[in-house]
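The following exercises concern one protein structure.

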Amino acid sequence: MSDDVLGHFVKFSNQTSGQDKICRVLQYSSQLVWWYLEKRGFSTSYIEQLKQLQSSLSLARKYFSLGKSVEHMRGAAVAIHINDPILRYSITLSRISSALQFLCDNVYLFSRLGLLRLDQGNLLSVSSKLWLYADLLNIIRVCYEIRHEIKEQIDRQESNIRNSKHSFYSTCKCVMVRRPDLVMDLVKNVSDVWLPVHASGLTQLSPGSVGLFGTVSSVLGAATIWQKSGKL
């Protein structure tokens with residue numbers, strides 16, 4: 001491992017967001033692994049250890065969420081001044097939803113520690129719904145940005161390609177090459193949205209599906225933080 005990569009990893013892991021992403025990847029990947037081992041009939045004791053690891057990592061991430069509600073409210077205060085109305089409302093409302101979600105997670109943690117006596121199940125239910133709202137708003141935002149990029153790409157062309165199916169797909173490909181961050185963001189949010197959908201009881205997914213969607217969204221989220229930490 002080169003010194004640059006090692007230094008990059010140190011900066012990444014020293015950030016609270018980086019530590020949270022590492023725990024999140026391990027949390028959902030351990031769920032995916034124990035589901036697979038359970039299907040294959042592996043030792044129950046080993047599967048229980050993985051389930052305990054998943055539970056411990058989930059609780060650890062509640063500690064990392066302390067103070068995040070303030071961070072997201074600050075983000076909402078900045079986003080409210082964005083000129084584009086679609087971006088302004090989608091980002092602002094997403095930030096507010098995330099802030100309230102993390103606030104619920106903080107109260108849930110205090111309840112788990114015995115500092116408050118509240119209905120923990122109700123707190124998790126409200127948190128899941130707020131998580132869902134934030135993810136849906138993020139999907140709306142990234143789809144709008146991709147649509148804007150495609151429109152700009154079409155406008156750059158010398159000839160009219162709107163009626164050419166092949167040309168339109170070529171345009172989309174150009175956008176994907178030029179803005180891989182938007183594609184990655186879309187895949188991350190579409191994968192992530194199934195987690196609160198399942199947690200809210202709107203649909204029932206297998207532990208393997210939850211583990212897979214969670215692992216994909218977590219890895220892509222970690223990749224985003226990794227790229228940003230390299231620019232610090």
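**Exercise 1.** Determine in which helix Gln 31 lies, whether Gln 31 is buried or exposed, and which residues are in contact with Gln 31.

*Solution.* Step 1: Gln 31 belongs to helix α2, which covers residues 16-39. Helices here are DSSP runs of H or I with at least four residues, strands are runs of E with at least two, and both are numbered from the N terminus. The model is predicted, so that local features need pLDDT of at least 70 and side-chain atom pairs count only at pLDDT 80 or more, while totals for chains, interfaces and linings use all residues. Residues are numbered from 1 along each chain as its sequence is written, and side-chain values use heavy atoms, with hydrogens and water left out.

Step 1: The relative accessible area of Gln 31 is 8%. Buried means under 20%, exposed over 50%, and partly exposed in between (1.4 Å probe, protein chains only). Gln 31 is therefore buried.

Step 2: Apart from neighbours within four places in sequence, Gln 31 is in contact (heavy atoms within 4.5 Å) with Gln 54, Pro 207, Val 210 and Gly 211. The side chain of Gln 31 also reaches the backbone oxygen of Pro 207 at 3.2 Å.

**Exercise 2.** Describe how helices α3 and α5 pack, and name the residues that make the contact.

*Solution.* Step 1: Two packed helices are described by the angle between their axes and the distance between the axes. Axes are lines fitted to C-alpha atoms, for helices over the stretch in contact, and angles run from 0 to 180 degrees between N-to-C directions.

Step 1: Helix α3 (residues 44-64) and helix α5 (residues 85-112) pack at about 120°, and their axes are 9 Å apart. Consequently, α3 is oblique to α5; angles under 35 degrees count as roughly parallel, over 145 as roughly antiparallel, 65 to 115 as roughly perpendicular and the rest as oblique.

Step 2: Leu 59, Lys 62 and Tyr 63 of α3 meet Asp 105, Asn 106, Tyr 108, Leu 109 and Arg 112 of α5.

**Exercise 3.** State whether Ser 94 is buried or exposed, and which residues are in contact with Ser 94.

*Solution.* Step 1: Ser 94 is found in helix α5. Its relative accessible area is 5%, so Ser 94 is buried.

Step 1: With neighbours within four places in sequence left aside, Ser 94 is in contact with Ala 134, Leu 137 and Asn 138.

Step 2: Ser 94 and Asp 135 are 41 residues apart in sequence, and their C-alpha atoms are 7.4 Å apart in space.

Conventions: A polar contact is a pair of N or O atoms within 3.5 Å; within protein, one must be able to donate a hydrogen and the other to accept it, and residues adjacent in sequence count only if both atoms are side-chain atoms.
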